[in-house]
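Open your viewer and get ready to click along. We will go from stop to stop, and at each one you will hear what to select.

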Amino acid sequence: ALDVGIASPDAVGAGPDCCEALYRRKRRERAEHADELSLRGIRYVPVACSCYGRLHPEAVAVVRRLAACAARRHGATSGRALERRARRRPPRTRSRL
């Protein structure tokens with residue numbers, strides 16, 4: 001189960017690394033359900049990223065695994081191109097006020 005969260009470095013309790021703080025908080029908050037999830041064969045993974053697009057190392061690993069699985073499903077040998085595309089930031093647009 002992926003639990004996606006976005007953190008701001010300016011948030012209260014963000015500490016020196018907002019992604020790590022969010023990752024740890026989510027793990028702590030869901031700890032009481034860990035045994036039940038495990039019994040059902042579900043792996044709980046917080047996917048933390050900053051509001052500026054930086055990913056927690058576990059989130060990077062998730063993106064890599066998903067890209068590799070998608071590549072295999074479509075007959076490719078590597079998921080690197082999909083990973084790059086998934087991590088690419090969308091172009092900025094100007095708001096028209």
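Begin by selecting C51, which is partly exposed, with a relative accessible area of 41%. On this tour, buried means under 20% relative accessible area, exposed means over 50%, and partly exposed lies in between (1.4 Å probe, protein chains only). The model is predicted, so local features need pLDDT of at least 70 and side-chain atom pairs count only at pLDDT 80 or more, while totals for chains, interfaces and linings use all residues. Residues are numbered from 1 along each chain as its sequence is written, and side-chain values use heavy atoms, with hydrogens and water left out.

**Stop 1: the cysteines**

Now select C19, which is buried at 0% relative accessible area. The sulfur of C19 has its closest cysteine sulfur in C18 too, 4.3 Å away and again too far for a bond. Searching the whole structure turns up zero disulfides.

**Stop 2: a strand with two faces**

Select residues 2-7, strand β1. Strands (E, at least two residues) and helices (H or I, at least four) are DSSP runs, numbered from the N terminus. D3, G5 and A7 make up the covered face of β1, and L2, V4 and I6 the uncovered one. In a regular strand the side chains alternate between the two faces of the sheet. Strands count as paired if DSSP finds at least two bridges between them. Click on I6 and look for its bridge partner in β2, C49.

**Stop 3: helix α3**

Select residues 57-73, which form α3. Its buried residues are E58, A59, V60, V62, V63, A67 and A71. E58, at 17% relative accessibility, meets R65 in a salt bridge (3.5 Å, N to O). A salt bridge means a side-chain nitrogen of Lys or Arg within 4 Å of a carboxyl oxygen of Asp or Glu. R65 is partly exposed at 38%. Just after α3, G75 takes a positive phi of about 85°.

**Stop 4: a salt-bridge network**

Finally, select D3, R25, K26, E29 and R30, which salt bridges link in a network. Within this group, the side chains of E29 and R25 meet at 3.2 Å, N to O. The two are four residues apart in helix α1 (residues 18-30), about one helical turn.

Technical notes: Disulfide = S-S within 2.5 Å.
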